[in-house]
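Subject: Structure handover

Hi,

Here is the structure for your files. My notes follow below it.

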Amino acid sequence: MSEAELRQHRCCVTGHRPEKLTISERRLTQLLEAEIRIAIDNGFTTYITGMAKGVDLIAAEIVLRLRARDARLKLVCALPYPGFGLHWGGGWTERLQSVLAQADLERTICPGFSYAAYQVRNEWMVLCKALHNE
């Protein structure tokens with residue numbers, strides 16, 4: 001399936017990092033899964049996540065779990081720059097690598113680190129035309 005086809009019915013996910021959350025990861029997972037299931041019922045089958053630790057990565061894990069029972073679901077991982085997430089502790093780097101290994105499409109948006117790379121990644125996620133790496 002081409003990237004253009006994947007983008008037709010997409011839902012983009014990016015959110016708080018774990019240290020900024022006011023609820024447990026377990027509760028966040030329950031709430032995110034409920035919303036993702038509603039989106040699926042409304043025809044959204046492609047999920048694009050910014051892959052940051054916290055909301056982004058948890059949403060990706062949920063999509064992968066649901067994809068095991070629903071082959072229509074696709075996961076696109078949008079990394080802001082090369083090497084993103086390789087320095088995380090607490091098991092987050094391993095979770096990131098596990099998700100990337102199972103993704104339908106992985107895109108690295110910017111050629112290197114900058115604070116602006118996060119905004120460029122977010123814009124790439126929601127725009128119909130990709131910004132880089134086509």
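A definition to start with: buried means under 20% relative accessible area, exposed means over 50%, and partly exposed is in between (1.4 Å probe, protein chains only). This is a predicted model, so local features need pLDDT of at least 70 and side-chain atom pairs count only at pLDDT 80 or more, while totals for chains, interfaces and linings use all residues. Residues are numbered from 1 along each chain as its sequence is written, and side-chain values use heavy atoms, with hydrogens and water left out.

Confidence

pLDDT is the predictor's confidence in each residue, from 0 to 100. The protein averages 90. At least 70 is reached by 89% of the residues. Helices (H or I, at least four residues) and strands (E, at least two) are DSSP runs, numbered from the N terminus. Helix H1 (residues 3-6) has the lowest confidence, with a mean of 61. H4 has the highest, at 98. Treat one stretch separately: residues 130-134 have pLDDT below 50. Beyond near neighbours in sequence, that stretch has 15 contacts in the model (heavy atoms within 4.5 Å).

Salt bridges

The cut-off here is a side-chain nitrogen of Lys or Arg within 4 Å of a carboxyl oxygen of Asp or Glu. Side chains of opposite charge can pair when their charged atoms come close. The whole structure has six salt bridges.

- Arg65 pairs with Glu33, with the closest N and O atoms 2.9 Å apart. Arg65 is in helix H3 (residues 55-67) and Glu33 is in helix H2 (residues 25-41), so the bridge ties together parts that are 32 residues apart in sequence. Arg65 is partly exposed at 37% relative accessible area. Glu33 counts as buried, at 16%.
- Asp104 and Arg67 also meet in a salt bridge, 2.9 Å from N to O. This pair links distant parts of the chain, 37 residues apart. Asp104 is in the loop between helix H4 (92-102) and E4, and Arg67 is in helix H3. Asp104 is partly exposed, with a relative accessible area of 36%. Arg67 is partly exposed too, because its relative accessibility is 21%.
- Asp70 bridges to Arg72, with the closest N and O atoms 2.7 Å apart. Asp70 counts as buried at 18% relative accessibility. Arg72 is partly exposed at 48%.

Arg95 has another feature. Its charged end sits over the ring of Trp92, 4.3 Å from the ring centre. The test for that is NZ of Lys or CZ of Arg within 6 Å of the ring centre and within 35 degrees of the ring normal.

Aromatic pairs

Rings of Phe, Tyr and Trp (its six-membered ring) pair if their centres lie within 6.5 Å; planes under 30 degrees apart count as stacked, over 60 as edge-to-face and the rest as tilted. The whole structure has six such pairs. Tyr81 and Phe84 are edge-to-face, at 5.5 Å centre to centre and 90° between the planes. Both Tyr81 and Phe84 are buried. Phe113 and Tyr115 have centres 5.1 Å apart and planes at 75°, so this pair is edge-to-face. Phe113 is partly exposed at 49% relative accessible area, and Tyr115 is exposed at 70%. Ring pairs link Tyr81, Phe84, Trp88, Phe113, Tyr115 and Tyr118 into a cluster.

Gly112

Gly112 is in the loop between strand E4 (105-108) and helix H5 (116-126). It is partly exposed, at 30% relative accessibility. Gly112 and Tyr81 are 31 residues apart in sequence, yet 5.1 Å apart in space, C-alpha to C-alpha. Leaving aside neighbours within four places in sequence, Gly112 contacts Tyr81, Pro82 and Ala117.

Nonpolar core

A nonpolar core is a set of buried Ala, Val, Leu, Ile, Met, Phe, Trp, Tyr and Cys residues joined through side-chain atoms within 4.5 Å. The largest one has 39 residues. Ile36, Tyr47, Met51, Leu75 and Val99 touch the most other members. H2, strand E2 (46-49), H3, strand E3 (74-79), H4 and H5 each supply at least two residues. H3 gives the most, with nine. Not counting residues up to four places away in sequence, Leu75 touches several residues, including Tyr47, Val63, Leu64 and Val99.

Best wishes
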